[in-house]
Amino acid sequence: MVQVRPLAGRVRPARGEPARKVPPRVASRVAATPRTPLGGGVEGGRPGPAMAVCGTLLGLALYAALGAAFLYHDYCIIGAGPSGLQAAYFLQRAGRDYVVFERSHAPGSFFALYPRHRKLISINKRYTGKSNSEFNLRHDWNSLLSHDRRLLFRRYSRDFFPDADAMVRYLEDFASLLQLRVQYNTAIIHVTLEKDERAWNGHYFLLTDQDRQNYKCSSLLVATGTWVPNVVNFPGSEYVEGYETVSINPEDFAGQTVLILGRGNSAFETAENILGVTNFIHMVSRSRVRLSWATHYVGDLRAINNGLLDTYQLKSLDGLLEGDLEDLAIVKDKKGKLHITLRFYLENRNTSAGIDSITLPQDELDNFATRAPYDRVIRCLGWKFDFSIYNRSLRMMPGKGNKKKYPQIKPSYESRSTQGLFVLGTASHSIDFRKSAGGFIHGFRYTTRAVHRLLENRHHSVPWPSTVYPVTQLANSIIKRVNEASGLYQMFSVLADIILLRENGTAFEYLEEYPVGVLAELEMQTGRKAPSGLFVIIMEYGRNFSGADKDVFYYNRAVGEAQHAWQSNFLHPVIYYYKRLPTEHEMRLRPPDWPLPRPDAVHHIVEDFLTDWTAPNAHILPLRRFLENCLGTDLRNFFAESCFLFAFTRQKLPPFCRQGYARAQGLVGSEGLRRHAAEAGLLEDYTLTDFSGDRPPGSQGGSQDELLRDHVIAVPPLQHLVNAKDEL
């Protein structure tokens, strides 16, 4: 039985011809017909000769026709993992023409295999004590963004570190319940470019699948992740087992001595699984252990996997070593034991000689660390991006140094060499590798949304979403976002809220979660203008608080006083003020490890143990004073009687009074309000006053000028604010 694949789309037979729809019946026939010369009819379970010939001719004819035709979509997404489905969701909500290609029969195929021992290290915190859904996403590292409340991951697992099978079920439901357009069993094996001035980016992307079906799209979103195993080749590497194939049954390692190559979570996960049954485990890698609670990077070693560190430091045979894996060599003896030596010992040896002629390090240094032979050597070196399917015309180049496993992209997540090609999800982690959470679901769900907003503005003239508020709400808007926004919290130093000031200084425009790396391009990328300066709100750790060699538990590590907020160590909000939009040149010359160039003013909101920045004196008041100093105005809220007094005593009213009281948008005058003003001392109680001295108040003696000249209303001055709390 041949599986039917939907091929709905628009066919572009040749360059320059108008697009046409594929009739559904034709699409079904094309999908259902085998595209090999051996395709044919079946009779009684066996192919009949006549049907075989007809089927062969029909298959060849269809193959020839399809060779010249392309199924067209505006957007093509490669990969139906978390980032691919997240991108599909946003495109579908916007009503765009898109398709997702997935090589497997279901979404999230990576999670169907990995991690091998099925325990995810992404936390699933089901309870936070709060009902704010945006805040709760700060501690939900598995859910994708959607409008459907059923698609929260806490409904799929009760475990704090959930099983990977729960993620597979979740992604299947996300695709099916939202009716995302995913084409399964479609492996894209080649991608190239076709130059065309009429295309969005000056070229189309041409994709070919395993059945030689061709597709054409205007924008390509690569969401394949990193799934190709990292392999180090050295003499004897053929004896090494890979993480992707090694047994996960601990009993297979009973009484054995094991060497693990690698120092990340997959290596420690493997060690944790066999720790109780092996003689001992040694682990070797080029770099030292990086603990996530020291680096504040979720991809480093997590506590759930680090049992081997206990056994190593508590003298229980297991151990860690540092060394360059490319300098190693493995020699197998007659008993099947694996001996570790160094490559240079093998360079001049007689290749026809036996193992007895090979020099081992312990022959010269009798206390060599790895002198004991091993039963098994396991490679756990992580993954890298698959560059093989991309034609040279796309110039997809690997990064440099420790980022070489990722493709080179701009801070906008667009390829550095090919316009219109965006990299999403784990493969886009070069932007914030070992810094923020862009390589994980709780990070790239927000960067994927940012990419979608960039595309909406570029191709559909839909500006970046924004909200306009009166300037009196400036401090409130910032406080609200830093206390609940999940995108700012998870993608610290990468995504930022942008506040664009209006020319008249009475209002501002608020943009959420914009990539700070392309701040200089803000007007072009968002369709919004920044004529009168801007504020940038991001989250940061202290400059000297994160690192593999840092003591993050030192005494007096916390900062509690507002005047020392700039020394805060833990994650806290930072507000940058610019009188004008920074330029590309200024972005390139920014100080090392700074997410932004030097501002005209900067304010740190002091770190808080509860990450609750609502304390009136410690958080709100210093922020409001900073904003007032930048804007040269008074952002306080006032009662009507204060605005009434300011109208007679100041040349310029505070914004709150201008926007409310002076426009008669405050309280409506009434007898009760008049009595309140009289009791407050702002108005004289005329009903009790005899202006002539001996006449009743209702008599008509004397002119109005005489009354005004002879009688002065005493207005007591406003009391000075005696402390910061009164000022609020």
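Residues are numbered from 1 along each chain as its sequence is written. As the model is a prediction, local features need pLDDT of at least 70 and side-chain atom pairs count only at pLDDT 80 or more, while totals for chains, interfaces and linings use all residues, and side-chain values use heavy atoms, with hydrogens and water left out.

Taking a disulfide as a pair of cysteine sulfur atoms within 2.5 Å, the count is 1. The partners are Cys643 and Cys657, with sulfur atoms 2.0 Å apart. Cys643 sits in helix α18 (residues 640-649) and Cys657 in helix α19 (residues 655-659), so the bond ties together parts 14 residues apart in sequence. Helices here are DSSP runs (H or I, at least four residues), numbered from the N terminus. The link is left-handed, at -80 degrees about the S-S bond.

Buried here means under 20% relative accessible area, with a 1.4 Å probe and protein chains only. Cys643 is buried at 2%, and Cys657 is buried at 0%. Two further cysteines are worth a look: Cys217 is buried at 0%, and Cys630 is buried at 16%.

Now for the helix pair. The axes of α3 (residues 82-93) and α6 (residues 164-177), lines fitted to C-alpha atoms over the stretch in contact, come within 11 Å and cross at roughly 20 degrees. That makes α3 roughly parallel to α6, a label for angles under 35 degrees. On the α3 side, Pro82, Leu85 and Tyr89 meet Leu171, Phe174 and Ala175 of α6, where contact means heavy atoms within 4.5 Å. By class, this contact has 6 nonpolar residues, no polar and no charged ones.

Conventions: Helices (H or I, at least four residues) and strands (E, at least two) are DSSP runs, numbered from the N terminus. Buried means under 20% relative accessible area, exposed over 50%, partly exposed in between (1.4 Å probe, protein chains only). Axes are lines fitted to C-alpha atoms, for helices over the stretch in contact, and angles run from 0 to 180 degrees between N-to-C directions. Angles under 35 degrees count as roughly parallel, over 145 as roughly antiparallel, 65 to 115 as roughly perpendicular and the rest as oblique. Ala, Val, Leu, Ile, Met, Phe, Trp, Tyr, Cys and Pro count as nonpolar, Asp, Glu, Lys and Arg as charged, and the others, Gly among them, as polar.
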